[in-house]
Each structure stands twice: as structure tokens, then as C-alpha cells.
Amino acid sequence: PPPAPRAGTSAPAPTCPAKPRIKLSRDRLGIKPIFYRKLDKGFAFASEIKPLTQIGSKADYCKNILSEFLAFGSVLGNRTFYKDIWEVPSGGNVSLTCDKADVLQTSLPQDFHSTYNTSTDLKSVIRGSLKKCLISDRTIGLAVSGGLDSTILAFELNAMGIKDITTFSVCIPGVSDGIHCLDELALPPNGVWNTWNHQVVTISPSELQHLIYESVSVMGQPMRMTSVPLYLKLAQAANQSGISVLLTGEGADEMFAGYPDYLFWRDNLKHFERWERLKEFSLPAERKLWLRQLFDDSTLELCHEEFGKHYSCLSEQESFSALRTLELSLRLRPLLTRVDHCLMRYGVEGRTPYLHGNVPNFSNSLSLEELLNATETKMVLREAWSNNLSVGRYMKRKHHFRLPMSVWFSQLPWMKQQIREHSETLAHFGMNLDKLGILMEKATLGDKQASRIAYSLLTFVLWHRSDQAL
């Protein structure tokens, strides 16, 4: 306590102690997720959403979340499905005091500076990042699909002389993804890859019900990504093999323009004004058609308004730069959250060499022409390793890591049953139930877009039921 004032003097004015403050920071590409929630008194934060929903009063939902989710695959910006839970943005800082949160950086990740410009530099940059990702005293594994990105990682690990790695491939019946033995990669003969142990991870329709329930629990929100159950199987296999660190090729498509729809953006949407071009790319015509059928007339306009609220700043950027910046937020960040949550569910740390070191800097220096030719994506990667990999590997086209939902939906009646049993939940969030029947029929007949939307609806109703039960 301060000393008592002497006679004839007044006491000094009391000083107000500084409010306790915590700063939450996230890496520039959002590799590691972090969320925070406003409570009645103060804030809570965690690397996952689910623990935050279980403290304090019940968390309320955002408006129009179902339509926004079906439109874009997630809610936009740094929001979540909950009104009072947010995600720290990639490259962002959030300063928390007992009564407010100040987002200190809200700009989307961009403007990485680079002076690299040759394929030789690219090989050196990726090798350097990979070496950093190998720093560990734990057992390391590699997820390998047989595609370009993971094959490059396998080639470089072999060139470094890294022995006794365990590799994993998820192989789905009827889907041309994954490899059954390392010989399929056509790596240099007599290399150290001959000391590696390859494991095939399989998944069948009979396992899907349990895996989808687990997926909803792990992610803490609904998801459009049918790859979440696949990652859970991969994580379980890695854990059972004693792997603590798993290298993945995640991020290569966003860094080096690997998705086939980038060709569509370049060729079919080139006559659109810059901002309209981004909107059309993010919400394609086929998906818009379903939104118009499943909701009232104003829903599509609300989705576009929300999109503009979070991404209109991109209209000032050059067209291709704006697209790539949008992809880091809209596509990459959810994928990285999936990797983190699914692998950590089984105590496995995921590491992404294509997103570390100077790889993002190099990526940002590349032009559209260096990345895409008339028919192929990721040309700078293909050209850099064209003398090291077989033609079948370095020219292998992108194959999405997904469940064959258009086939499996018709084989698994429990999916349709779950959606119908919880149709009132969908109606509560604004869906037209008469049109829902049309969607279900189309999905059962194998329509790809309808089956993807139906899968999204399934995860939504399972998430809502689970959340209400807490």
C-alpha cells in the first residue's frame, strides 16, 4: 500500500494497473490453426474449435451459415460457424484483453518478396525446405500418392540418403490414386529408397459411417472435404507404425497453380471483369444453380455480399495475384486445418515442405505463364524435375484426394436416411425441403455436384446434432 500522506498534503491519485494482455499470432500461411472465443468474462483460445464450444454458455450460430457453407465450402474470412468464435487469420495477430479483441493484421497473405527465377533455384529452395522439415528426434514418415508433389519429395529424400522411412498411400477401390509399392515411383535403382517400408492404407464403404462421425467430431464444424475421413485413416496408420512426424505434399497446388480449374479460370473466365471473375471462380454456375433451387431468391445475393465483405480488397490486385491470394484463404487454410486436426487426433505432427523455407517467396515470384501452359498446370515443377522423374510421374495430372462420393452415395442408404431424418434442421437454416428431394434423387443417380452437396449436408446435420447434445 502507498504510504499515508503527511499532514497538510493530499494523497496521490490512484494509478490504474494495465489490463492483462495476451497476443495470439499465426504463421503467414495458416499452417497451424488457432481459434478464440469471447466469453461472458474474458476470452478463451485453443488450437481447435470443439473445446471452445464446451466452456461458458452455449455458443450461438452465425446467420445464413448453411447457404454460405454450401456456396463456398466454409464460412468466409476469419469467422467460424459460431457467432462468438473466430479464427486467427493467416499471418495475423490478435491482441486479447479481458473485454476486447484487436485484430492487428487483417490483410490476406501476399507480397512475398523473391529474387529466384530459375528451375535450378526452385530445386535448391525445395531441398532446403525439406531439410528443415527433417529436423527431429522423432520417427519420420512420408505420405505418397504417386502424384507429382509427393514423388518429388520421395526423389529428394532418396537423393539425400535418408534411410528407413515409412511411406503411406491411401488406396480406394475404383480410384486411380495411391501406389501399392514404391517401384511404381520409378526412383533411381539401388537408391536408399530400397530400405523404406511402404504401407498401403485402404478404406471401404463399410467404414465410412464411423469415419464421417469421427470427422465431424475432429473438425468441430461441418466440412465439404471428403478427404477428411481419408486423412483420419492415414493418421491412424502412421500412429500404429510408430510415426511421430509425417511429411505431406500439401500446399504445392496453391504455391504452383496445380488445380485444373485454374485453366478454366484463365481460358473460360478471361472476358469477365476482374472482380466478377473471382466471384465466378469461387462460386461456379453449377453450384449457384443448386443454391437457387434449395433456398429462396435472396440467398445467392447474400452469399455474394458476404464474399464481397471479406475479399473485395482483392479487386485492386492484378488478376492472377488476386486469384492466388484468394486461394490461400479460401482453399489452402481449410486444407491445412484438416491436416493438423486429423493427424494430431492420433498424435502425429504434419509437416509441409512446400510451405516452409523460401518456397512461398519463390512461388510468389512466378508468373501465370511460368506455371500454366495450354493444357497443363504446375509447369515450373514439372520442368525442374523432368530429368529426374519418369515421364509418367512428372507429367501426371492432378488427381484430387477425395472419396468417390458420386459412386458411394448410392451404395450407402444410411447417408440419405440421416439427411432425411434431420431435414427439419435444414429447414430451420432456410432450406426448401421440396427441392431437397430432387437433390437426393440426383445424388443417388451419381450426379457429382449433387452428391458433393449431399455429403456437405450430411456433415452439417451430424455436426448440428452433436453440438446440440453438448
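This is a predicted model: local features need pLDDT of at least 70, side-chain atom pairs count only at pLDDT 80 or more; totals for chains, interfaces and linings use all residues.
Let me begin with a pair of helices: α20 and α21 are oblique to each other, where oblique is what remains once angles under 35 degrees are counted as roughly parallel, over 145 as roughly antiparallel and 65 to 115 as roughly perpendicular. Residues are numbered from 1 along each chain as its sequence is written, and side-chain values use heavy atoms, with hydrogens and water left out.

Two packed helices are described by the angle between their axes and the distance between the axes. Here the axes of α20 and α21 cross at roughly 120° and come within 8 Å, the axes being lines fitted to C-alpha atoms over the stretch in contact, with angles from 0 to 180 degrees between N-to-C directions. On the α20 side the contact is made by L436, L439, K442 and A443, and on the α21 side by A450, S451, I453, A454 and L457, contact meaning heavy atoms within 4.5 Å. Helices here are DSSP runs of H or I with at least four residues, strands are runs of E with at least two, and both are numbered from the N terminus.

Both helices return when we turn to α18, residues 413-421, in which W414, M415, Q418 and I419 are buried, that is, under 20% relative accessible area with a 1.4 Å probe and protein chains only, whereas exposed is over 50% and partly exposed lies in between. These four cover an arc of only 140° around the axis, so they sit on the same side of α18, the arc being that of the directions from the helix axis to the C-beta atoms. What covers them includes α20 (433-444) and α21 (448-469), along with α5 (208-219), α17 (405-411) and α19 (423-428).

Next, W193, which is placed in the loop between β8 (166-171) and β9 (197-202), counts as buried, at 9% relative accessibility. Leaving aside neighbours within four places in sequence, W193 is in contact with N158, L182, D183, L187 and P188.

Finally, how many disulfides does the structure hold? There are zero, a disulfide being a pair of cysteine sulfur atoms within 2.5 Å. The sulfur of C181 is 10 Å from the closest cysteine sulfur, in C171, which is too far for a bond, and C181 is partly exposed at 33% relative accessible area. C313 is likewise in no disulfide, the nearest cysteine sulfur, that of C303, being 19 Å away, and C313 counts as partly exposed at 46% relative accessibility.
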